[in-house]
Amino acid sequence: MKFKLGFMVLLPIFVAYYLWYRNSSSSSSTSLVDCMSFFRSVALMVIFTGFCGVFGSLLHYMLPPRKRASEEQQEQRGGVVGGVVVENEENQNISTTNNDNNQNTFKKHRISPPTDSSTTTNSNNHHRSCSSSSSVVVEPLIMALGDSNQTDIDEDLHSRQLAVYGRETMRRLFASNILVSGMQGLGAEIAKNLILAGVKSVTLHDEGTVELWDLSSNFIFSEHDVGKNRALASFQKLQELNNAVVISTWTTKLTKEKLSDFQAVVFTDISFAKAIEFNDYCHNHQPPISFIKAEVRGLFGSIFCDFGPEFTVVDVDGEEPHTGIIASISNDNPALVSCVDDERLEFQDGDLVVFSEVHGMTELNDGKPRKIKSTRPYSFILEEDTTNFGTYVKGGIVTQVKQPKLLNFKPLREALKDPGDFLLSDFSKFDRPPLLHLAFLALDKFVSELGRFPVAGSEEDAQKLISVATNINEDLGDGRVEDINPKLLRHFAFGARAVLNPMAAMFGGIVGQEVVKACSAKFHPLFQFFYFDSVESLPTEPLDSSDLKPLNSRHDAQISVFGSKLQKKLEDAKVFIVGSGALGCEFLKNVALMGVSCGDRGKLTITDDDVIEKSNLSRQFLFRDWNIGQAKSTVAASAAASINPQLNIEALQNRVGTETENVFDDTFWENLTVVINALDNVNARLYVDQRCLYFQKPLLESGTLGAKCNTQMVIPHLTENYGASRDPPEKQAPMCTVHSFPHNIDHCLTWARSEFEGLLEKTPAEVNAYLSNPVEYTTAMINAGDALARDNLDRVLECLDKEKCETFQDCITWARLKFEDYFANRVKQLIYTFPEDAATSTGAPFWSAPKRFPHPLQFSSADLSHLHFVMAASILRAETFGIPIPDWAKNSKMLAEAVDKVIVPEFQPKKDAKIVTDEKATTLSTASIDDAAVINDLIIKVEQCRKNLPPGFRMKPIQFEKDDDTNYHMDMIAGLANMRARNYSIPEVDKLKAKFIAGRIIPAIATTTAMATGLVCLELYKVLNGGHKLEDYRNTFANLALPLFSIAEPVPPKVIKHRDMSWTVWDRWILRDNPTLRELIQWLKDKGLNAYSISCGSCLLFNSMFPRHRDRMDKKVVDLAREVAKVELPPNRRHLDVVVACEDDEDNDIDIPLVSIYYR
């Protein structure tokens, strides 16, 4: 850069000198005039050059903004920009060279790795570059956290992630440069999660080459990459995940000085000695560089974090501040604050809170944080003397104030000697972390002394490691471990060289989240050591050392831990993965790397009826932007097969449910080995759970919500099923609250979504239903004859008569009058019916908490929020009527002129208006004795309107789509909600926040998904091996924000006992040979059970109270089902299920299993 600037200054001087010399050379002498001419030439050339520079700068700002992977640095990077190699006009590939690598060429437009060890990153005016030939060192960023002044966030792509992090955290991520050193399985998982998150740059460092061994855990590598440098081999596929992230590679030895370019550095394959050297540099650097050391060794893993001597956590848990609605405040010292029992308070002792909107005791509205104690579900003590404050009258909101937290990290050098408290994950292993701390120290010493890892199955190496651990333990003094557990250390030694995919996935999620914390100060960091093992995943039978020997296959690393016998079971498994979204993509990657269903007898079936959307790309890493609109399952299956070509996979696009039991029939379920759920809704989970329960198949269940995740193992006869315990249903706001008395933004958005669907989807659909078959429709309305039928007809009439739109100006008029109706007239009616001083039947103030007294809005075209609502509403109304939208509709000035032309009628409140105040009411429609007459009158009017319509007229219902920011759907919903919030003095929200709530967007991030699937696949080893006991399985709840890990044994199923028999929900009683009703009843009687009722579906086949049912005793049960229950038995069915109610000889009801009658 300095050379370029110098050349630009010297160039005009050289040119001017040449011109002067040429002119003067014709003369024998040089005069003063000639000298002045020379300097004038120089000045003019400098001015001209400066103008070119200024013009070039102006062009730079006039052109469209570039991606963060800057195109300006093509020349500096040999043409590699964001992973894209650009050719020159002669079709010659431009690439850079490295001292250790030969020059490579790449095809045009292919995403290809740079072949040097250089790094290029760019953010606004910050540039850095290192090259083997020459380099310019520019000062690194002066902030420990990323500079939040970054490019705009692509909300379509990152909407689910934004729901977890928020804009500020995302901006900090976009400005963060990360180093990932060690590109084996763990490094690849970490890099993947960070690239999906959208950090500014990721630098991949590895000096080693790809081995066949690496293919057990690294989804990036293939057999063709063996022998290539790991970092270079990783580049292409990682860059495909997110072209907005600058990805670079280093293939040479790393020095600590190079770490200054990064906000966070992660090492996955480094000795403690080197880690201490790097960590000391990072810890003492100004500002500190966040340092993470992570390892996965077989079924054991460790993490160490050091974010510097003083690291401030801005938001420790990521939760919204808790709030409460005040009911009363006492004038005491200290004061008692009581809140309405609308929702339980979530405050804790010691919290700081602020008060607002308090009437009477206005001294509390000063915004000062105040400390509370003695928190209860609906009250707390305020540590303040309020005896001299004003007397509380009404109202008030109390809001938690979230406090930052300062953490003092110790450097690795000190932490190894004094690790402090370990983060515990499995409470059945509370003494395990100190032992694993010792094991990893011993392994490091073993490798440093012998230059290799212990050999799998080598008792000599295992004993050597145990001896090293014993010696280290003796030197620990008071901190030594009482029992070093040689058996556990033996397992640790055998698998020490292997990186297993499920462990890499789990730890890749955890470490990826720690990097996000380091860059953003969002969520509480891991402080400081975390150790984990899943030794229960090993086969229950002893492993022979010969079974652990490598077979020269891609699964050798996994075989070195589990043996070739389990590998064969994995390959022959028949697996059903339900769903191929975020969880499904991760599961597919994991099972492909594990070799599941890769044998001749194995098969993996995956199904998903959804298609790929842009918002999927930030988490569902098997999809690319060119896959948008394609079937998820098909694309995901193809991507999984590219990870492991031996995978036998079939992709289906069917929803799993009762309607597809012809696809997923009895034979399909019976042939399965295991089912893995990757679903996003409870109903589908419950259905699959019932199928697995019925066919007695293991079900591996998991789910995520932001930084939280859970896993549940459903194992036949060992654990309870998924449906045995359910979360309580979410509390729904009463209908009257949503429609007339909202007190938070959620109520406003729920109302807005309901109005949107009513106006733009349901009503146009109702109009079309009428127009498609007027006779049938009107007959149905007459037969119904209720308030709902009346309301439907009324809406149809409005659309075809009073509110019919033929021009765009009509649509503007409709939108303007809707504004007046919603935000002025309805409020005027409400406060007319219930004035501010109104009282209830008991004499209490009507407008008491949680009700908020509303105020009507006065429309103003100068208020952009008012105008934007009208614009969105009129555009969508025009869409339903098929009216072209003029260009000026989106011009504020011209739209305002059109809106101001609308004549708004004067509103007069009605004295007899009925407003629903009953919180138990389920509808706002009120029945009337003359509904039938009103319906007949409406039908006559609707028929008259229909005759005036053009032939073939139909409306276009609009189905709500939250993920398209150009369709004005969210603009209208946000406008509806915010205007209503303004009526009730409720804080308004931006469109993004409105999208989260109204669109019911489930917060999701790649890190949590990766961790959850890794945990599930550790359980998959147990399921496919077989023979494991209940205490070997693990269910998990984790929250990466805290971080918190709660791992425990599953709950066993409830056991029912009768005489000498016992059964659980997993049992199903089977009768073969097509028995009669009498034979079924006698078969039960022989067990001491008296059947008094037998049903099939919803139909009763037999009940002892009905004498005529005794005539059915000698009929076949199957024939009865056909005759009485009208059951259709397809050819592929071989049995029929009946539910039998029984009692014992003492007349006690006994719950028995489902009874299956086999008739074929």
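Q: Is glutamate 295 buried or exposed?
A: In this predicted model, glutamate 295 has a relative accessible area of 7% and counts as buried, because the cut-off for buried is under 20%.

Q: And what does its side chain meet?
A: The side chain of glutamate 295 meets that of lysine 293 in a salt bridge, with 2.7 Å from N to O, and lysine 293 is buried too, at a relative accessible area of 4%.

Q: How many salt bridges does the count come to?
A: The count comes to 62 salt bridges, and one of them joins the side chains of aspartate 533 and arginine 432 at 2.8 Å, N to O.

Q: New topic: which residue does asparagine 677 join in a polar contact?
A: The side chain of asparagine 677, a residue of strand β23, makes a polar contact of 2.8 Å with the side chain of glutamate 701.

Q: What about helices, at what angle do α4 and α12 cross?
A: Their axes come within 9 Å and cross at roughly 95°, which means that α4 is roughly perpendicular to α12. The contact is made by Thr169, Arg172 and Leu173 of α4 together with Val516, Cys519 and Ser520 of α12, and these residues divide into three nonpolar, two polar and one charged.

How values were computed: Residues numbered from 1 in each chain as written. Predicted model: local features only at pLDDT ≥ 70, side-chain atom pairs only at ≥ 80, totals over all residues. Heavy atoms only, no water. Axes fitted to C-alpha atoms, helices over the stretch in contact; angles between N-to-C directions. Helix = DSSP H or I, 4+ residues; strand = E, 2+ residues; numbered from the N terminus. Parallel < 35°, antiparallel > 145°, perpendicular 65-115°, else oblique. Contact = heavy atoms within 4.5 Å. Nonpolar A, V, L, I, M, F, W, Y, C, P; charged D, E, K, R; others polar. Polar contact = N/O pair within 3.5 Å; in protein donor to acceptor, adjacent residues only side chain to side chain. Salt bridge = Lys/Arg side-chain N within 4 Å of Asp/Glu carboxyl O. Buried < 20%, exposed > 50% of the residue type's maximum accessible area, 1.4 Å probe, protein only.
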